[in-house]
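Student: I am new to this structure and would be grateful for a close look at one part, the interface between the chains. What does it consist of?

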2 protein chains.
Amino acid sequence: MIIDCHGHYTTAPKGLQTYRDAQIAALKDPSHAPSKGKLNISDDQIRESLENAQVKFQRERGTDLTIFSPRASAMAHHIGDATTSLHWSQHCNDLIHRACSLYPSNFVGVCQLPQSPGVPPANSIEELERCVKELGFIGCNLNPDPSGGHWTAPPLTDRYWYPFYEKMVELDVPAMVHVSSSCNPNFHATGAHYINADTTAFMQFLTGDLFRDFPTIRFVIPHGGGAVPFHWGRYRGLAQDMKRPLLPDLMRNNIFFDTCVYHLPGMELLLKVVPLDNILFGSEMVGAVRGIDPETGHYYDDTKRYLEALPLSEEQRYKLFEGNTRKVYPRIATTLAGLEGSELRTGDHR
Amino acid sequence: MIIDCHGHYTTAPKGLQTYRDAQIAALKDPSHAPSKGKLNISDDQIRESLENAQVKFQRERGTDLTIFSPRASAMAHHIGDATTSLHWSQHCNDLIHRACSLYPSNFVGVCQLPQSPGVPPANSIEELERCVKELGFIGCNLNPDPSGGHWTAPPLTDRYWYPFYEKMVELDVPAMVHVSSSCNPNFHATGAHYINADTTAFMQFLTGDLFRDFPTIRFVIPHGGGAVPFHWGRYRGLAQDMKRPLLPDLMRNNIFFDTCVYHLPGMELLLKVVPLDNILFGSEMVGAVRGIDPETGHYYDDTKRYLEALPLSEEQRYKLFEGNTRKVYPRIATTLAGLEGSELRTGDHR
């Protein structure tokens, strides 16, 4: 079983963008009462959007299940207000649920949260509960910067976030720390803002005492942990100078990096320095980089190939591709048990 | 000759902080007319502060000349206004000049700029000219975010910065892109803000057309280029998707990374992916990380050791430790010629 912990629905039918455009246009009319409205997307459109992209790539690359969430760059929590964000998030999450229901052996859901600048994170609890309890989702994407590149929220280690964390712990779901698009012209979204947020979150965790208060909470820092593995010595040294825990101890049960690193030397470094128990296979497919690397002839984001080029034991392979992800997203067990049941019934064993 | 392109006067005598504390205190009194004031620091204090730190480490590590600038985290351009920043910068630069004059074979100066949020970069031209023409400095540190973590200035590729760039080109001096301390609680200075700024600047250069307008301008992105080498495949792929130049072509004459990467696997990756002609030896000593790595028994920031552990040809060594730096900082030739002259006179050859 090969589980990709990081996939976004970046190929959603255009009805989704049509909805969003109308929602944003309505914001300009102050007399217009916000209404949730409807998505006009058929099951066939969903099938087509997935068959030609994520599902095709799963087959071609030999991956099984993708932990699937709404397009991260489109969350854009900085647009409108909490109601805008709630309606948009509910639609995006419902669409993920439909995709997962149509392809139950290909996708399991992770939700977008209805965050909004200045609005307390507790406001996202209800949607998290709905997604986990009613839609069978197994985690969430938490945006540390709902302002979209202005970084106006308190650090992730601040008590400001605690009510939301309490619900995460209660539901036993992790959060991937994932920013959205940037409305600050300094930050290119996928080339700067995403990677900066990863690095920033790690340093917040390193300097804060969050895991003393929430010993079982789990965060996935995507994109291979931002700059952290490349500067592993810097972070080890900073932790040492500040008398903070050793990095493997800091990360052990609480911080995990995915493998969204799009070249072999980077992946090699990631595996060399970061404890293997804290790395989850992920590809961000279809995501930030869509091209084929002329140096290899393969998609940049076919991260499984880089891992396969490294000398890994069977145990290490199991952890990277399945075991660690089961540990971080325990609710995936229900999904997987359901799949085994249905495969037994249909005889569709792999 | 081994030239360290990245050293800050982080060990300045306490008279410097006394001055700064008084300057900041005076800001709170609106009736107080800002005055430049004086630094109360003796030559002996400067000698002592260097002999026990930078000069000692140069001897121990076998490096020769350090390109030396004021403490980056103390630039704090977000404090006060343009006048505050001008007075502070002039004092810091004068102090660097005194250090360089006392140790002409150990240090050559790079200046801090009197930047201030919302103040046009042209305002820094006069201090740059003073430092280059009167004090013999060979470059500057340019802060892409004078707001200290709020990122309110336009990107480095914006015409906003052009008047300053024109002066850099005229004087033939490069800028190290270097932020200062962060007044945004999200960003730890040396663990997040510095690295994020490096990554951000690279992506700005990648998406902009700055080098079409300034084909000879040169920027050093410190800390090994932030997250860029680790995510080299991501940046190659993003450039490809956006039909931007190949990364070696983008960087060739304009973008250079230093070697402030504090562990061997990171350094190995840097040398593996980034063109060697675009890497300058640097250590950031005495800087962000001050401890000794228990795994090696050596200082984390003794970056020369990592380079020496890699298989480099004589030509590669020359480029990293001297040749590339001569190319990026051409005014260093005057410094070096002066040294050779004095060494010839004193017979103090190495």
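Tutor: Chain A and chain B bury about 4,500 Å² between them, with 55% of it on carbon and sulfur atoms; buried area is the accessible area (1.4 Å probe) that two parts lose on being put together, summed over both. Of the area that chain A buries against chain B, 19% comes from A:Asn186, A:Phe230 and A:Arg234, more than from any other three residues. The model is predicted: local features need pLDDT of at least 70 and side-chain atom pairs pLDDT 80 or more, whereas totals for chains, interfaces and linings use all residues. Residues are numbered from 1 along each chain as its sequence is written, chains are lettered from A and ligands numbered from 1 in the order in which they are written, and side-chain values use heavy atoms, leaving out hydrogens and water.

Contact, meaning heavy atoms within 4.5 Å, takes in 59 residues from chain A and 59 residues from chain B. Across this interface the rule finds eight salt bridges, each a side-chain nitrogen of Lys or Arg within 4 Å of a carboxyl oxygen of Asp or Glu. B:Glu268 forms a salt bridge with A:Lys272, with the closest N and O atoms 3.7 Å apart. On the side of chain A that touches chain B, the residues divide into 29 nonpolar, 21 polar and nine charged; Ala, Val, Leu, Ile, Met, Phe, Trp, Tyr, Cys and Pro count as nonpolar, Asp, Glu, Lys and Arg as charged, and the others, Gly among them, as polar.
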